[in-house]
Amino acid sequence: MSKRDLNFEAYRKSIQSLENFKKPTAVVIFGASGDLAKKEIYPNLFWLYKDSLLPENTIIIGYGRTNLDIKKYLKETIIQKVNLDNDDLKIYDEFIEKNHYITGNYNEEPKFKELDSKINELMVDPNQNIQDCNRVFYLAVPPKVYPNISEMVGKNCRAKEPFLTHLVAEKPFGKDLETSNELSKSISRYFKEEEIFRIDHYLGKEMVQSLIALRFANQIFRRVWNRDSIESVFINFKENFGTKGRAGYFDEYGIIRDVIQNHLLQVLTLIAMEQPLSESADDIRDEKVKVLKSIKAIKLDDVVLGQYAKNENGTPEQQKGYIDDEGVDKDSLTATYAIIILHINNERWDGVPFIISAGKALDETISEVRIQFNQVPANIFKNYCRRNELVIRIQPNEAVYLTMLTKRPGMDFVVEETDLDLTYAEKYKGLYVPKAYERLFMNIIYGSQISFVRSDELTEAWRIFTPVLHEIEEKKIKPIYYQFGSNSIPEAENLIMTKGKYSF
Ligand code: NDP
Ligand code: BG6
């Protein structure tokens with residue numbers, strides 16, 4: 001039995017008892033020829049199909065302007081992303097047969113009517129009666145196309161009740177508060193809030209999901225999770241690669257919109273929120289919104305921006321700076337690195353700095369949360385005392401560890417730092433940790449909003465970031481240049497230690 005089989009057994013049983021498992025389901029992927037469809041959507045749908053986690057009768061229809069032979073595309077292109085072994089090949093062929101494709105523009109009404117008819121035709125029951133089905137419409141296209149598709153789907157392709165219609169929207173959801181609100185408005189004309197699944201794939205990650213349990217199921221943490229014991233919270237995201245050909249998109253958005261306003265802010269809300277009334281999606285999101293409402297708009301003084309430059313002594317990849325990537329202006333001021341200090345003005349967190357740092361083309365790839373506790377008062381171990389730190393490593397190599405001080409075993413009396421270490425690969429040997437998109441697909445298909453962003457969360461998130469983003473653009477703030485492969489930027493480290501009150 002593979003790792004996946006081992007821990008999906010119980011889950012599979014629970015899924016199979018759901019009403020939606022028994023309902024036929026159509027998944028429509030707009031932008032099926034694109035990067036996200038190739039990297040994440042098709043491969044993960046295959047794995048879920050293989051594990052019998054998709055509803056019994058599921059069909060997948062790609063849609064796009066590109067004239068695509070979908071079966072050939074799956075057999076020749078997507079297969080390279082799926083990582084199959086020989087035993088899987090037969091199932092992959094079966095999966096291919098579930099796939100269909102329609103070529104059309106995103107505002108071409110007759111093509112959407114054709115899509116609707118195609119779904120109905122493919123869903124004939126064993127007596128050859130046409131039946132309806134649950135319908136998932138995945139917007140794997142640039143956000144500017146969302147309004148057109150929402151209108152076309154809303155007018156032509158909705159499932160008839162009691163079947164469900166779910167619309168999946170990817171980030172970036174807007175560029176600022178105004179554009180995000182416009183986008184929300186155009187989609188909400190055709191879809192109710194509970195039908196819209198705004199993806200933030202960080203919410204599908206194992207360690208991000210485990211934050212709620214860590215915080216609220218452990219008395220030992222509940223007691224100290226506040227300004228009385230915590231000095232500073234540091235959310236750190238680094239990638240050791242650059243924009244990798246995605247600069248055309250990235251140059252318009254920059255690192256704050258790309259990962260901070262969404263992924264890292266979501267992590268922050270889970271670290272900072274009060275205990276929700278229950279595990280339900282809305283109770284959790286209510287608490288997340290309260291945290292966001294307690295954060296004032298960020299000030300430029302609390303931000304350091306950077307952009308990676310070529311590293312002449314580095315690897316061939318590192319010898320290209322951000323502006324050497326295709327689609328970037330030579331005088332682009334877009335930040336590929338940013339660090340921000342923010343504060344949560346409530347009873348629990350008043351005075352505790354939250355540091356969010358994110359950078360591309362640095363020395364390593366890591367996402368982690370570091371919660372640093374206060375200094376020991378009246379410390380007697382003058383030379384040895386460092387602050388305790390609880391670290392939640394989201395990736396790679398998921399772990400939770402607590403740095404602490406102990407006496408080193410031996411005749412002498414030496415206090416040194418060590419850690420209580422829960423590294424998942426060791427503790428949960430043999431258990432498969434699902435990938436974010438696998439989990440999110442399950443939620444979308446079976447209708448759980450727990451890992452998706454509600455519209456009021458989005459509005460608050462943009463409220464916090466919009467003024468500073470506009471100021472950066474209006475004042476044409478120049479980023480600090482750092483070499484591809486750097487560990488950090490000195491100006492950022494300075495901010496972390498001073499306003500961030502974090503000690504390295
Ligand atoms: P792509 O640029 O690859 O575009 C996807 C598809 O959309 C294309 O194959 C194309 O299909 C169609 N398309 C592209 N540009 C336009 C346009 N100007 N007008 C109409 N249709 C267009 O995007 P991705 O697949 O990378 O991303 C899809 C969505 O997911 C975006 O919202 C993106 O921000 C988001 N996202 C992507 C991630 C990634 O890793 N790729 C990560 C996180 C979010 P056709 O020409 O056949 O119609
Ligand atoms: C995406 C960003 O949303 O998240 C990328 O657009 C970034 O720029 C990626 O690389 C990081 O996700 P992960 O899961 O690799 O940490």
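The questions and answers below go through helices, ligand shells and loops of a predicted model.

Reader: How are residues, chains and ligands numbered or lettered, and what pLDDT do local features need?
Author: Residues are numbered from 1 along each chain as its sequence is written, while chains are lettered from A and ligands numbered from 1 in the order in which they are written. In this predicted model, totals for chains, interfaces and linings use all residues, side-chain atom pairs count only at pLDDT 80 or more, and local features need a pLDDT of at least 70.

Reader: Is helix H14 largely enclosed or open, and which of its residues are buried?
Author: Helices (H or I, at least four residues) and strands (E, at least two) are DSSP runs, numbered from the N terminus, and a residue is buried if 20 or more other C-beta atoms, placed from the backbone, lie within 10 Å of its own, exposed if 12 or fewer, and partly exposed in between. Eight of the eleven residues of H14 (residues 436-446) are buried, so this helix is largely enclosed by the rest of the structure. The buried residues are Ala-436, Tyr-437, Glu-438, Arg-439, Leu-440, Phe-441, Ile-444 and Ile-445.

Reader: Which elements do the buried residues of H14 pack against?
Author: Contact here is judged between C-beta atoms, placed from the backbone, that lie within 7 Å. By that test the partners of the buried H14 residues are helix H2 (19-22), strand S1 (25-30), helix H3 (35-50), strand S4 (134-139), strand S5 (165-169) and strand S6 (196-198).

Reader: At what angle do H3 and H14 cross, and which residues meet there?
Author: Axes are lines fitted to C-alpha atoms, for helices over the stretch in contact, with angles running from 0 to 180 degrees between N-to-C directions; those under 35 degrees count as roughly parallel, over 145 as roughly antiparallel, 65 to 115 as roughly perpendicular and the rest as oblique. The axes of H3 and H14 come within 9 Å and cross at roughly 70 degrees, and the two helices are therefore roughly perpendicular to each other. The residues that meet are Glu-40, Asn-44, Leu-45, Trp-47 and Leu-48 in H3 and Tyr-437, Glu-438 and Phe-441 in H14.

Reader: Why do H12 and H15 count as roughly parallel, and what is the handedness of their crossing?
Author: The axes of H12 (residues 281-293) and H15 (residues 455-474) come within 9 Å and cross at roughly 15 degrees, and the helices are therefore roughly parallel. A crossing is left-handed if the near helix is turned anticlockwise from the far one by less than a right angle, and right-handed if clockwise. H12 passes H15 in a crossing that is left-handed.

Reader: Which residues make the contact of H12 with H15, and how many of them are charged?
Author: From H12 come Arg-285, Lys-288, Val-289, Leu-292 and Lys-293, and from H15 come Asp-456, Glu-457, Glu-460, Ala-461 and Ile-464. In the classes used, Ala, Val, Leu, Ile, Met, Phe, Trp, Tyr, Cys and Pro are nonpolar, Asp, Glu, Lys and Arg are charged, and the others, Gly among them, are polar. The contact has four nonpolar and no polar residues, and the charged ones number six.

Reader: Which residues come nearest to ligand 1, and which element gives the largest share of its shell?
Author: A residue is near a molecule or strand if its C-beta atom, placed from the backbone, lies within 6 Å of it. Of the 19 residues around ligand 1, those that come nearest are Gly-31, Gly-34, Leu-36, Gly-64 and Thr-66. The largest share of the shell, four residues, comes from H3.

Reader: Which residues are around ligand 2?
Author: By class, this shell has one nonpolar, two polar and two charged residues. They are His-201, Glu-239, Asp-258, Val-259 and Ser-367.

Reader: Are Ala-361 and Ala-378 buried or exposed?
Author: Neither is a glycine, yet phi is positive in Ala-361, at about 60 degrees, and in Ala-378, at about 45 degrees. Ala-361 lies in the loop between strand S10 (353-359) and S11, and Ala-378 in the loop between S11 and S12. With 30 C-beta neighbours inside 10 Å, Ala-361 counts as buried, whereas Ala-378, with 4 other C-beta atoms within 10 Å, is exposed.

Reader: Where is the cis peptide bond to Pro-162, and what is its omega?
Author: Pro-162 lies in the loop between H7 and S5. The cis bond runs from Glu-161 to Pro-162, with omega near 15 degrees.

Notes
Contact = placed C-beta atoms within 7 Å.
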